Amino acid sequence: MLALKAIKSDKIWGYELWIASTHPNGKQDDFEKFCGGSYPLLVKVIQANDKLSVQIHPDDATARLYEGENACGKTECWYVLDAEKDARLVCGLNGVYTASELRKAIKANSIQDCLNYVSVKKGDFIYIPSGTVHAIGGGLRLLEVQQSCDITYRFYDWGRGRECHEEKAIACIKDSPVRSVSAFPGVFSCPYFTLEQIFVEDKYEGVADEASSPRCVEDFTLLFIIEGNGKLNGQDVKAEEIYALAPGEEIKAHGNFSMMKIVPQKRRKKH
């Protein structure tokens, strides 16, 4: 088991902690060495003191089109670690709009009227597949699990003057239904990752996912401590720490805490 050290990135709206990353823009060398290659997921803690830009991430095909053949898309999800009263975020559009209508709204500085705003609270879960218009509001602290991608197309930035990428953003939008925001269901899976919340009440024993044959980097498991404290495999742990486990490694926990088990989906190329 390897304890991972966060890489902090300050932003105009707050900061990000890259807590599990082999991405070149914020690489944990010990993590890359531990799992033997580039991990397909990037895990962050996001502290939003002010609202983030309205943005969109491409899917795998669009990322390769715009950013090169080695690029991947960005499907992500958020687990709300803490939220101020009346905190909210943007998840999707509030209707179906043509590209022309969106361009006109941007020009008229009224795109905010096209957004779907949702209120959130601690413990809520939000799935953001690639192609979804989204923005994190102020007063939120989130756990973010995503594909290992740092491609963001800003759609609108609330008049702060930073560069936006309207045409690429519009090209990435997918007309898909917006999923409801609700408390984390206990287990969640999508084509890129699986999350499972584990509650330790005095004692818990389990095992990390077994290795494939041959073993691959997707076999490695992450455990993020949500809240509480105790011991994990004999090591003292506390909230917002994250640990990487090798395939088949035992999980022995004592104390009173909850943790999120994060596992990549196996997406290996055929040999």
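Mentor: Strand β2 (residues 7-11) and β3 run antiparallel and are joined by five bridges; strands pair if DSSP finds at least two bridges between them. Strands here are DSSP runs of E with at least two residues, and helices are runs of H or I with at least four, both numbered from the N terminus. This is a predicted model, in which local features need pLDDT of at least 70 and side-chain atom pairs count only at pLDDT 80 or more, while totals for chains, interfaces and linings use all residues. Residues are numbered from 1 along each chain as its sequence is written, and side-chain values use heavy atoms, with hydrogens and water left out.

The link between β2 and β3 is a hairpin through two residues. Within this pairing, Asp10 is opposite Tyr15 of β3. Strand β3 also pairs with strand β4 (residues 41-48), again in the antiparallel sense, over six bridges. There the partner of Tyr15 is Gln47. Strand β3 (residues 14-20) has six of its seven residues buried, so it is largely enclosed by the rest of the structure. Buried means under 20% relative accessible area, exposed means over 50%, and partly exposed is in between, with a 1.4 Å probe and protein chains only.

Strand β9 (residues 124-128) is also largely enclosed by the rest of the structure, because five of its five residues are buried. Asp124, Ile126 and Ile128 point one way from β9, Phe125 and Tyr127 point the other way, and all are buried. In a regular strand the side chains alternate between the two faces of the sheet. Strand β6 (residues 76-83) runs antiparallel to β9 and is joined to it by four bridges, with Glu76 bridged to Ile128. Two bridges pair β9 with strand β13 (residues 182-183), also in the antiparallel sense, and Phe125 has Ser182 as its partner there.

Rings of Phe, Tyr and Trp (its six-membered ring) pair if their centres lie within 6.5 Å; planes under 30 degrees apart are stacked, over 60 edge-to-face, and the rest tilted. The count by this rule is eight aromatic pairs. Tyr127 and Phe188 have ring centres 5.0 Å apart and planes at 55°, so this pair is tilted. Tyr127 is in strand β9 and Phe188 in strand β14 (residues 187-189), so the pair ties together parts that are 61 residues apart in sequence. Both residues, Tyr127 and Phe188, are buried. Ring pairs join Tyr79, Phe125, Tyr127, Phe184 and Phe188 into a cluster.

As for the whole, the protein has four helices and 19 strands. Its radius of gyration is 19 Å, close to the 18 Å that the globule rule gives for 271 residues, so the protein is as compact as a globular protein of that length. That radius is taken over C-alpha atoms, and the rule is 2.2 Å times the number of residues to the power 0.38. Of the 271 residues, 49% count as buried.
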